[in-house]
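Let us read a structure together, one feature at a time.

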Amino acid sequence: MKHLPRTCALSVAAAAMLALAACSTTDPNASGGDGGGGAEGDVTTGAGVTDSEITVGMLTDLSGPFAAGAAVQVTQTNAYWDQVNADGGVCDRDVVVDVQDHGYDPQRAVTLYRSMAPDVIALQQVLGGPTSAAVLPLAEQDDVYVGGVGWTGSALQYENNQLPGASYAIEAANAVDYLVDELGVPEGGKIGVVYFAGDYGGDALAGAEHAAEERGVEIVAQEITSQTTDLSAQASALVQADVAGVVLAAAPTQLASLAGVLATQGADIPIVGMNPTFNPSLLGSPVADALLANAYSITSVAPYASDAPGVQAANELYASVAPEGDLGWEVPLAYVQAELLRQALEGACESGELTPEGVVAALQESSSVDTDGLLPDGLDYSQPGQSPTTTVYVSKVDAAAEAGLALLDEYSGPSAESFSYGG
């Protein structure tokens with residue numbers, strides 16, 4: 001087990017200055033978004049690139065179930081690139097964001113992707129599991145970078161995809177390790193896993209089952225859907241099984257129900273939720289006391305309350321453009337998604353291939369990526385099919401912390417470190 005400090009060897013600002021200084025001279029004869037290149041210059045360009053602009057795409061959900069969080073991410077994304085452009089842009093060009101709303105409809109996401117692909121160099125985000133699953137195969141065929149699709153292990157099969165941190169299986173393996181090592185679950189004890197059917201929950205269950213075998217505990221699995229909003233039956237089953245802790249791979253609605261029912265049944269046990277499980281609005285609900293007593297969160301992105309330089313920069317930027325905006329993990333998430341893409345764009349520029357293929361190549365050569373504490377340092381994207389890190393952020397629900405999560409630790413447990421997709 002490793003407890004890692006929240007440090008970074010190179011600041012985001014310094015990294016940007018160095019990369020910009022290394023950028024090749026722009027070819028004045030470079031073609032724009034038709035896929036042509038500037039053969040006589042130092043930088044060959046392709047789709048989404050002119051002599052003055054780089055266009056990146058964002059397929060998000062502004063009219064469906066994740067509209068509120070998506071709006072926060074769009075605001076933060078635009079603010080990030082505005083700041084980059086004010087500092088000189090990338091490869092002597094301004095970055096422009098083409099935001100499209102798929103409404104959490106996979107077919108609409110495919111249609112939008114096909115219409116925008118000829119005019120973008122990369123997709124910073126495809127929000128949502130089913131929508132990203134529909135777009136990723138097409139983007140791989142086109143050799144187009146895709147970021148921000150979430151953390152399901154199935155996305156790792158696509159070498160053009162950049163996960164922002166640890167996958168759900170790694171998160172869940174760490175959750176079991178943390179329950180055993182830090183939260184009192186004994187060897188031979190039982191841990192409940194309540195999970196959404198599908199890639200998200202299935203990946204979390206796989207990680208938890210691996211960890212359970214490694215640590216000598218038993219999993220009591222309870223599958224639900226996103227329409228399961230009353231978890232009384234699942235909570236009763238967990239109490240009857242005498243579980244000593246719970247791993248939850250669901251959404252805030254399910255966390256509220258599970259915590260509330262367990263509390264009314266007298267079950268004083270920890271609940272460890274995955275990335276999207278907690279929302280600070282829950283602290284204004286009737287189950288606030290139950291959450292404050294027993295709810296933890298494991299995330300791949302540092303929580304809003306982290307004092308890491310990258311998180312503070314993200315929070316300050318968001319506050320400057322949306323002083324009355326909603327707070328939460330989406331603020332550092334959107335910032336780091338843009339930061340990862342910027343590093344890939346700068347790598348493509350430095351290699352002289354400012355094309356969709358060049359951005360993907362820069363991603364695949366990234367074996368030690370740092371983001372000033374927004375994500376764990378040393379992310380490795382050079383190993384196709386595997387999570388880029390085994391380190392996660394462990395937080396406790398805390399009313400005194402900004403956005404409701406107080407960071408406890410950066411953590412990489414033994415079961416997370418021994419987990420391997422396909423092995």
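**Reading the model, feature by feature**

Q: What kind of model is this, and which residues does UniProt list for the domain "Leucine-binding protein"?
A: The model is predicted. UniProt, in an unreviewed entry, lists residues 53–399 for "domain: Leucine-binding protein". Over residues 53–399 the chain is 43% helix and 18% strand. The end C-alpha atoms of that stretch lie 44 Å apart.

Q: Which residues of H2 are buried, and what do they pack against?
A: The buried residues of H2 include Gly69, Val72, Gln73, Gln76, Tyr80, Trp81 and Val84. An α-helix has 3.6 residues a turn, so residues three or four places apart point the same way. The buried residues of H2 pack against strands S3 (53–60), S4 (94–101) and S5 (122–126). They also pack against helices H10 (309–321) and H11 (330–351).

Q: What happens just after H2?
A: Check the backbone there. Gly88 takes a positive phi of about 120°.

Q: Now strands. How many residues of S8 are buried?
A: Count the buried residues along the strand. In S8, six of the seven residues are buried, so S8 is largely enclosed by the rest of the structure.

Q: Which strands pair with S8, and do they run parallel or antiparallel?
A: Look at the bridges on each neighbour. Seven bridges join S8 to S9 (residues 218–224), and the two run parallel. The chain crosses from S8 through H6 to S9, and this β-α-β crossover is right-handed. Five bridges join S8 to S10 (residues 245–249), again as a parallel pair. Gly192 stands opposite Val246 in S10.

Q: What does Ile191 touch, and which residue is its bridge partner in S9?
A: Leave out residues up to four places away in sequence. Ile191 then touches, among others, Val176, Leu179, Val185, Val217, Ile219, Val243 and Val247. In S9, the bridge partner of Ile191 is Ile219. Glu218 is also touched by Ile191. Ile191 and Glu218 are 27 residues apart along the chain, yet their C-alpha atoms are separated by 6.2 Å.

Q: How many salt bridges does the structure hold?
A: It holds three. Take them one by one. Asp177 forms a salt bridge with Arg215, with the closest N and O atoms 2.8 Å apart. That pair links distant parts of the chain: Asp177 sits in helix H5 (residues 168–181) and Arg215 in helix H6 (residues 199–215), 38 residues apart. Asp181 also forms a salt bridge with Arg215, the closest N and O atoms being 2.6 Å apart. Asp181 lies in H5 and Arg215 in H6, 34 residues apart.

Q: Which residues make up the salt-bridge network, and are they buried or partly exposed?
A: Asp177, Asp181 and Arg215 are linked in a network of salt bridges. Asp177 counts as buried at 0% relative accessibility. Arg215 is buried too, with a relative accessible area of 19%. Asp181, at 30%, counts as partly exposed.

Q: What does Glu339 form with Arg342?
A: Glu339 forms a salt bridge with Arg342, with the closest N and O atoms 3.2 Å apart. Being three residues apart in helix H11, the two are separated by about one helical turn. Glu339 is buried at 2% relative accessibility. Arg342 is buried at 8%.

Q: Which strands are joined to S14?
A: Four bridges join S12 (residues 295–299) to S14, and the two run antiparallel. Tyr296 stands opposite Lys396 in S14. Six bridges join S14 to S15 (residues 405–412), which also run antiparallel. In S15, the bridge partner of Val394 is Asp409.

Note on methods: Residues are numbered from 1 along each chain as its sequence is written. This is a predicted model: local features need pLDDT of at least 70, side-chain atom pairs count only at pLDDT 80 or more; totals for chains, interfaces and linings use all residues. Side-chain values use heavy atoms; hydrogens and water are left out. Buried means under 20% relative accessible area, exposed over 50%, partly exposed in between (1.4 Å probe, protein chains only). Contact means heavy atoms within 4.5 Å. UniProt positions are given in the numbering used here, feature names are shortened, and annotations may be inferred rather than shown by experiment. A salt bridge is a side-chain nitrogen of Lys or Arg within 4 Å of a carboxyl oxygen of Asp or Glu. Two strands pair if DSSP finds at least two bridges between them. A crossover is right-handed if, with the strands pointing away from the viewer, the path from the first strand over the helix to the second runs clockwise.
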